[in-house]
Amino acid sequence: MIKPNLQSAVHNLIIYDLAIRTLNYNLPTIDKLKAGSIYKAYTETLLIELRKAYIPLKQQLMLERISIVKWQQVDQFFSDVIVSTSGNNQSLRYAKKVLQYEVDSLLNKIALRLIVSN
């Protein structure tokens, strides 16, 4: 069972994990674009910033013996995330559109922070 004070950290870990997976999946196809070198540099910078937040969050949850085991597709609208806790595994169901929205807003927030800092 996930403790109530760690539920938001688990949710954030899921969103960061999905954002990193998405950018890593898209990275090879970026080279084929006309301005691929610019987009690739931008994507790599986003990945670096995501990992800066992801790794400490993952380590914090690992100390609590919580980790993401796997993703399972339920149907075209929902996915289950199997989370391992110290007691047993727990399945969390997410709507794919909500995950997509949260990943997009996280990437936009990080991109805006990068633009403002430069």
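The buried residues of helix 1 pack against helix 2, strand 1, strand 2, strand 3 and helix 3. Buried here means under 20% relative accessible area, while exposed means over 50% and partly exposed lies in between (1.4 Å probe, protein chains only). Helices (H or I, at least four residues) and strands (E, at least two) are DSSP runs, numbered from the N terminus. The model is a predicted one, so local features need pLDDT of at least 70 and side-chain atom pairs count only at pLDDT 80 or more, whereas totals for chains, interfaces and linings use all residues. Residues are numbered from 1 along each chain as its sequence is written, and side-chain values use heavy atoms, with hydrogens and water left out.

Helix 1 itself has 24 residues and reaches 34 Å from its first C-alpha to its last, close to the 34 Å expected at 1.5 Å a residue; the expected span is 1.5 Å times one less than the number of residues. Its buried residues are A9, V10, L13, I14, I15, Y16, D17, A19, I20, L23, L27 and I30. Several of these come up again below.

Take the pairing with helix 3 to begin with. Helix 1 (residues 7-30) and helix 3 (residues 96-117) pack with their axes 9 Å apart, at an angle of about 80°. Axes are lines fitted to C-alpha atoms, for helices over the stretch in contact, and angles run from 0 to 180 degrees between N-to-C directions. The two helices are therefore roughly perpendicular to each other, a label for angles of 65 to 115 degrees (under 35 is roughly parallel, over 145 roughly antiparallel, and the rest oblique). On the helix 1 side, H11, I14, I15, Y16, L18, A19 and L23 meet L99, E102, V103, L106 and L107 of helix 3. These residues divide into 10 nonpolar, 1 polar and 1 charged. Nonpolar covers Ala, Val, Leu, Ile, Met, Phe, Trp, Tyr, Cys and Pro, charged covers Asp, Glu, Lys and Arg, and the others, Gly among them, are polar.

Helix 3 also meets helix 2: their axes come within 10 Å and cross at roughly 105°, so helix 2 and helix 3 are roughly perpendicular too. Y42, T45, L46, E49 and L50 of helix 2 make this contact with L106, L107, I110, A111, R113 and L114 of helix 3. By class, that comes to 8 nonpolar, 1 polar and 2 charged residues. Elsewhere in helix 2 sits T43, which is buried at a relative accessible area of 6%. Setting aside neighbours within four places in sequence, T43 touches L23, L27 and I30, where contact means heavy atoms within 4.5 Å.

Now for the strands. R65 is exposed, with a relative accessible area of 63%. Further on, strand 1 (residues 67-73) pairs with strand 2 in the antiparallel sense over 6 bridges; two strands pair if DSSP finds at least two bridges between them. A hairpin of 4 residues links them. Across this pairing, K70 stands opposite I82 and Q72 has D80 as its bridge partner.

Strand 2 (residues 78-84) is mostly covered, with 6 of its 7 residues buried. Strand 2 also runs antiparallel to strand 3 (residues 89-95), joined by 7 bridges, and the bridge partner of V81 there is L92. Strand 2 and strand 3 likewise form a hairpin, with 4 residues between them.
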